[in-house]
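Hi,

Here is the structure I promised to pass on. Have a look at it first, then read my notes below.

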Amino acid sequence: MKANELMVGNFILSPSGKITKVFLVSEELFMVDRTSDSSQGKTLEDWNPIPITEEWLTKQGFKHEFDELCEFNYYIREIDGYFVDIQLECANMGEGYVTCHIDNCDRCTVASADIQYVHQLQNLLNIMNIKFDVEL
């Protein structure tokens, strides 16, 4: 992970494996939520991104669906008036990636990207001005 990949509010894993919220990022400084693990004495390389998994998607309220025509599994959730679906098996970027597809309320595509991690999903939704509260 690099500092320029993170935004305030992103969730990442601390060196001890706890889910932690970023509250300040700059080129020289990286800080996480003061109520959890301290970032003092740690570098960004000590922290890890959170992978997007079926378990994580289910915990976030995404519902499992199966597309019979294309024969693939995906997870879908309406968030802030948008339909967000995550395809675990069909990413163009290869293994370890998922495809995130976002439609507006008229079911017109407004965004799509291959991503790997929770903070990347948070960033994509943030760019689209879609409010998404992560359940820990």
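This is a predicted model: local features need pLDDT of at least 70, side-chain atom pairs count only at pLDDT 80 or more; totals for chains, interfaces and linings use all residues.

**What turned up**

Cys 100 stands opposite Ala 113 in β8. That contact belongs to the pairing of strand β7 (residues 98–103) with β8, where six bridges join the two in an antiparallel run. For the terms: strands (E, at least two residues) and helices (H or I, at least four) are DSSP runs, numbered from the N terminus, and two strands pair if DSSP finds at least two bridges between them.

Some housekeeping before the rest. Residues are numbered from 1 along each chain as its sequence is written, and side-chain values use heavy atoms, with hydrogens and water left out.

**The sheet**

The chain has two helices and eight strands, and along the sequence they follow the pattern β-β-β-α-β-β-β-β-β-α. Five of the strands make an open sheet in the order β4-β5-β6-β7-β8, with antiparallel pairing. Its edge strands are β4 (63–67) and β8 (109–115), each of which pairs on one side only. From one strand to the next the twist averages 25°; the axes behind such angles are lines fitted to C-alpha atoms (for helices over the stretch in contact), and angles run from 0 to 180 degrees between N-to-C directions.

Strand β5 (residues 72–79) is joined to β6 by six bridges, again antiparallel, and Ile 76 stands opposite Asp 85 in β6. The hairpin of β5 and β6 has two residues between the strands, and there Asp 80 takes a positive phi near 55°. On to the next pair: β6 and β7 are antiparallel over five bridges, with Phe 83 opposite Asp 103 in β7.

How enclosed is strand β6? Five of the six residues of β6 (residues 82–87) are buried, so the strand is largely enclosed by the rest of the structure. Buried means under 20% relative accessible area, exposed over 50%, and partly exposed in between (1.4 Å probe, protein chains only). Of the 136 residues of the chain, 39% count as buried.

**Aromatic pairs**

A search of the whole structure gives two aromatic pairs. Rings of Phe, Tyr and Trp (its six-membered ring) pair if their centres lie within 6.5 Å; planes under 30 degrees apart are stacked, over 60 edge-to-face, and the rest tilted.

- Trp 56 and Phe 132 are edge-to-face, at 6.3 Å centre to centre and 75° between the planes. This pair links distant parts of the chain, with Trp 56 in helix α1 (residues 54–59) and Phe 132 in the segment after α2 (118–127), 76 residues apart. Both Trp 56 and Phe 132 are buried.
- Phe 72 and Tyr 74 are tilted, at 6.0 Å centre to centre and 55° between the planes. Phe 72 counts as buried at 11% relative accessibility, and Tyr 74 is buried with a relative accessible area of 17%.

**The cavity**

There is one cavity of 30 Å³ or more. On a 1 Å grid over the protein atoms alone, a cavity is a set of points where a 1.4 Å probe fits but cannot get out, and lining residues have an atom within 4 Å of a point. The largest cavity holds about 30 Å³ of space, a volume being the space filled by probe spheres set on the points, which are joined across faces, edges and corners. Its lining is Phe 11, Ile 19, Ile 50, Trp 56, Val 134, Glu 135 and Leu 136.

Cheers

Methods
On a 1 Å grid over the protein atoms alone, a cavity is a set of points where a 1.4 Å probe fits but cannot get out, and a pocket is an open set with protein on both sides within 12 Å along at least five of seven lines; lining residues have an atom within 4 Å of a point.
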